[in-house]
2 protein chains.
Amino acid sequence: MRILTALAVAGTAALANARGAEAEPAGPAVRHFTLSNGLDVVVIPDNRSPVVTHMIWYRVGSADEELGKSGLAHFLEHLMFKGTAKNPAGSFSRTLATLGGQENAFTSSDYTAYFQRVTRDHLEKVMAFEADRMTGLVLTDAVVLPEREVVLEERRMRTDNDPGAQLAEATQAALFVNHPYGHPVIGWEQEMRKLNREEALAFYRRFYAPNNAIVVIAGDVVPDEIRALAEKTYGPVPKNDAIQIRSRPLEPDARTSRRVVLADQRVAQPSLSRYYLVPSYRTAKAGEAEALDALAHVIGAGTLSRLYKALVVEKPIAVTASAWYGGTSFDATRFGISATPRPGVSLEELESAIDAVVTEVAANGITDQELARAKTRLVADTIYSWDDQFTLARVYGSALANGLSVETVQGWPDRIRAVTARSVQEAARNFLDMRHAVTGYLIKQPAPPEKRS
Amino acid sequence: MRILTALAVAGTAALANARGAEAEPAGPAVRHFTLSNGLDVVVIPDNRSPVVTHMIWYRVGSADEELGKSGLAHFLEHLMFKGTAKNPAGSFSRTLATLGGQENAFTSSDYTAYFQRVTRDHLEKVMAFEADRMTGLVLTDAVVLPEREVVLEERRMRTDNDPGAQLAEATQAALFVNHPYGHPVIGWEQEMRKLNREEALAFYRRFYAPNNAIVVIAGDVVPDEIRALAEKTYGPVPKNDAIQIRSRPLEPDARTSRRVVLADQRVAQPSLSRYYLVPSYRTAKAGEAEALDALAHVIGAGTLSRLYKALVVEKPIAVTASAWYGGTSFDATRFGISATPRPGVSLEELESAIDAVVTEVAANGITDQELARAKTRLVADTIYSWDDQFTLARVYGSALANGLSVETVQGWPDRIRAVTARSVQEAARNFLDMRHAVTGYLIKQPAPPEKRS
């Protein structure tokens with residue numbers, strides 16, 4: 001969900017300046033520059049408290065793994081904490097803890113990111129540390145093999161113990177039949193078991209380099225000082241000329257509607273999830289992604305949405321119903337609809353009601369009022385998000401890691417304002433097509449025939 | 001279907017010898033030897049007419065392609081006819097035609113094979129030709145680029161113009177979510193468009209070598225003379241030490257039942273196809289694959305089978321109903337059930353009736369009579385197949401290309417005779433499990449919601 005909601009909180013200073021006469025607050029004055037070794041640096045001044053958020057985003061995720069080596073990007077994220085010659089394992093985390101700082105990391109299909117939050121005076125230390133482990137990672141089997149058990153346990157906890165997560169994994173695999181988005185970020189268990197030091201280091205050397213990274217620094221900083229600090233810390237790290245813009249296998253033309261059913265005794269509450277394969281902000285034609293964001297809002301955001309009104313209020317056959325659009329993705333992405341039936345309502349009945357809502361929007365479009373409400377809400381959410389340093393930094397980091405620009409993020413509210421009711425209807429017609437869709441049914445055992453005995 | 005039926009026609013001399021007292025005819029006296037450069041040679045004497053079938057099987061197919069380069073193995077099969085320095089394009093085919101010979105080639109997920117049928121006196125010429133093009137292929141863009149248009153046209157003809165083939169492609173992709181068996185042998189169109197000379201040559205150099213090939217020669221030949229001919233023609237071709245036994249990405253544990261629906265206006269006759277992910281002869285535990293062969297026979301071969309009786313005769317709700325097991329596969333494979341409904345019968349109703357048949361066998365097993373009939377038929381089909389030189393050669397070639405041995409093929413009738421009713425029931429219980437299954441629905445437009453307008 002982190003990836004999916006990222007663009008919905010994009011802010012813009014340029015926009016606010018251009019509309020100075022209006023009451024809209026000014027967004028952050030984002031600065032973006034590139035070092036000579038290719039490192040992108042984004043600075044977001046926020047001087048309300050002497051705290052700084054430092055993030056480094058690598059343009060590499062699970063979708064960049066070779067076939068048969070799923071889980072490698074995430075495994076490497078874990079191994080990045082195993083130390084360098086200069087900073088042995090644990091030393092930096094201990095220092096951070098002593099300083100009252102925080103750190104975290106995560107991996108998606110498209111990026112791997114490392115975060116720290118410290119007081120202003122410790123920023124240089126953090127930057128020097130990340131610059132050091134960009135190329136200085138030291139791995140031995142003594143640290144790699146136990147960590148492999150850790151990620152396997154993470155998989156058991158998150159996926160194998162959770163029927164809903166198992167279904168999500170299976171629907172993702174059914175939606176993406178060729179693109180590596182079909183593989184789980186955590187990895188398939190049988191492949192995770194074979195991950196090793198040599199593969200982790202090869203992946204690291206292939207993808208970790210200044211020209212494949214974005215540093216985002218948000219907080220109580222002065223951009224020119226950050227530039228000097230970045231030159232001092234990250235500047236000496238050599239560029240890797242072998243790195244190119246990513247080109248992953250694409251999906252073939254989708255022609256079938258697919259249903260995936262997971263039945264498990266542990267399911268307390270049945271549910272339905274529908275995914276359509278749709279373009280992302282990077283791959284869509286002009287205006288299409290913005291229309292999909294508005295469409296998701298009209299169909300499935302909040303209690304005034306079409307789905308909620310039809311399924312939860314009017315009939316009522318559902319407990320919840322919602323929709324979302326995962327626009328921030330390097331390649332094709334998903335438009336999702338989820339619903340939870342009331343007791344006694346079958347998922348087939350629920351699905352028919354969802355289809356009726358979608359068909360109605362595709363056939364007859366949306367009202368001006370719905371469009372206006374969606375735009376107001378989407379833009380307002382952005383403005384509210386400026387209040388959160390961490391969110392702001394994440395929006396810019398994930399956007400740049402996914403092939404978008406600072407300007408794209410900043411221009412987003414204006415482009416949302418330009419969405420028309422017609423473009424929303426077109427989006428529903430073109431993209432909410434059953435031939436590009438997978439529907440997941442999560443049901444309590446023993447509804448479909450299970451292993452017989 | 002070529003791959004799927006291969007093992008069902010295996011013959012054995014060893015077996016017949018051991019049972020000399022019985023009336024069973026002797027199978028072919030197969031000879032197998034390996035040259036010092038690693039080339040396997042299988043000789044099957046058949047002296048009824050002065051004709052020889054020569055086949056060369058490479059242990060490489062579409063499942064050995066890299067992600068994003070689907071179609072490369074099949075494309076290379078086409079390009080193998082573009083000539084060498086010694087035999088320019090077309091010269092060999094013209095020679096063959098002049099001699100009254102025939103030739104053919106085909107590609108599967110697991111192998112690529114080239115066949116010729118000539119009179120005995122031209123065998124050496126054929127062997128010298130195949131030895132030459134094993135490493136001597138010459139490719140220029142002038143021949144590669146037009147051939148790419150040819151395979152694209154082949155895809156349009158075979159797949160894009162045929163809703164049934166489109167559905168088969170989509171069900172295969174839904175069944176194999178990680179293993180490259182999920183990709184079509186012909187390739188995904190968007191990847192075929194990018195195939196080129198360099199990639200074809202790299203693939204050729206990586207996989208075409210004597211230690212990655214099997215030569216099968218069936219016909220009016222003397223094994224010792226073939227050995228000498230093989231040493232003379234293929235012997236000088238150097239081994240490629242980089243080639244290892246194939247290790248492809250495996251499937252994760254399957255936990256969901258999946259349905260794939262293709263609706264198209266061109267569908268004249270709706271149909272249902274069910275695929276279970278099951279082990280192959282190479283990957284199964286002892287006896288499991290033989291039990292699956294017997295199970296397929298009892299459930300779905302002929303008018304006395306369970307499916308036919310229940311669906312076509314008794315109810316009747318179907319026009320056809322059958323089952324098969326694709327045992328000859330390097331990695332995991334499929335157990336398939338197909339049925340065509342009578343007019344007015346829904347695919348859901350048909351599916352329920354199929355599930356009832358499967359559930360009954362899993363719960364209560366099969367009769368001794370059914371088992372005896374299945375064994376007799378499977379073994380008899382093998383004996384009949386000895387009559388066909390081409391089939392015999394193909395059985396041994398595909399078996400060896402898929403990691404089986406001559407002895408495995410020869411012992412097959414005995415292993416089929418050892419199948420018990422209990423092992424067949426166990427196979428149904430363990431493998432015909434909806435959590436490992438994909439069901440394809442081919443329906444006439446506009447049954448499911450299509451692209452809306």
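## Helix packing in chain B

In this predicted model, the axes of helix H11 (residues 288–300) and helix H18 (residues 421–431) of chain B come within 8 Å and cross at roughly 90 degrees. H11(B) is therefore roughly perpendicular to H18(B) (65 to 115 degrees). Helices are DSSP runs of H or I with at least four residues, strands are E runs of at least two, and both are numbered from the N terminus. Axes are lines fitted to C-alpha atoms, for helices over the stretch in contact, with angles from 0 to 180 degrees between N-to-C directions.

H11(B) contributes residues including Leu292(B), Leu295(B) and Val298(B), and H18(B) residues including Val424(B) and Phe431(B); contact requires C-beta atoms, placed from the backbone, within 7 Å. By class, this contact has 9 nonpolar, 1 polar and 2 charged residues.

## Relation of the two chains

Chain A superposes on chain B by a rotation of 180 degrees with 0.0 Å of shift along the axis, at RMSD 0.0 Å. The copies are thus related as by a two-fold rotation axis. Arg259(A) has the C-alpha nearest the axis in chain A, at 2.5 Å.

## Interface

Contacts join 41 residues of chain A to 41 residues of chain B. On the chain A side, E7(A) gives the most, with 6 residues. E7(A) pairs with strand E7 (residues 257–264) of chain B in the antiparallel sense over 5 bridges (pairing needs at least two DSSP bridges). Arg258(A) has Val260(B) as its bridge partner in E7(B).

## Conventions

Residues are numbered from 1 along each chain as its sequence is written, and chains are lettered from A. Local features need pLDDT of at least 70, side-chain atom pairs count only at pLDDT 80 or more, and totals for chains, interfaces and linings use all residues.

Notes. Angles under 35 degrees count as roughly parallel, over 145 as roughly antiparallel, 65 to 115 as roughly perpendicular and the rest as oblique. Two residues are in contact if their C-beta atoms, placed from the backbone, lie within 7 Å. Ala, Val, Leu, Ile, Met, Phe, Trp, Tyr, Cys and Pro count as nonpolar, Asp, Glu, Lys and Arg as charged, and the others, Gly among them, as polar. Copies are superposed by least squares on the C-alpha atoms of residues with pLDDT of at least 70 in both.
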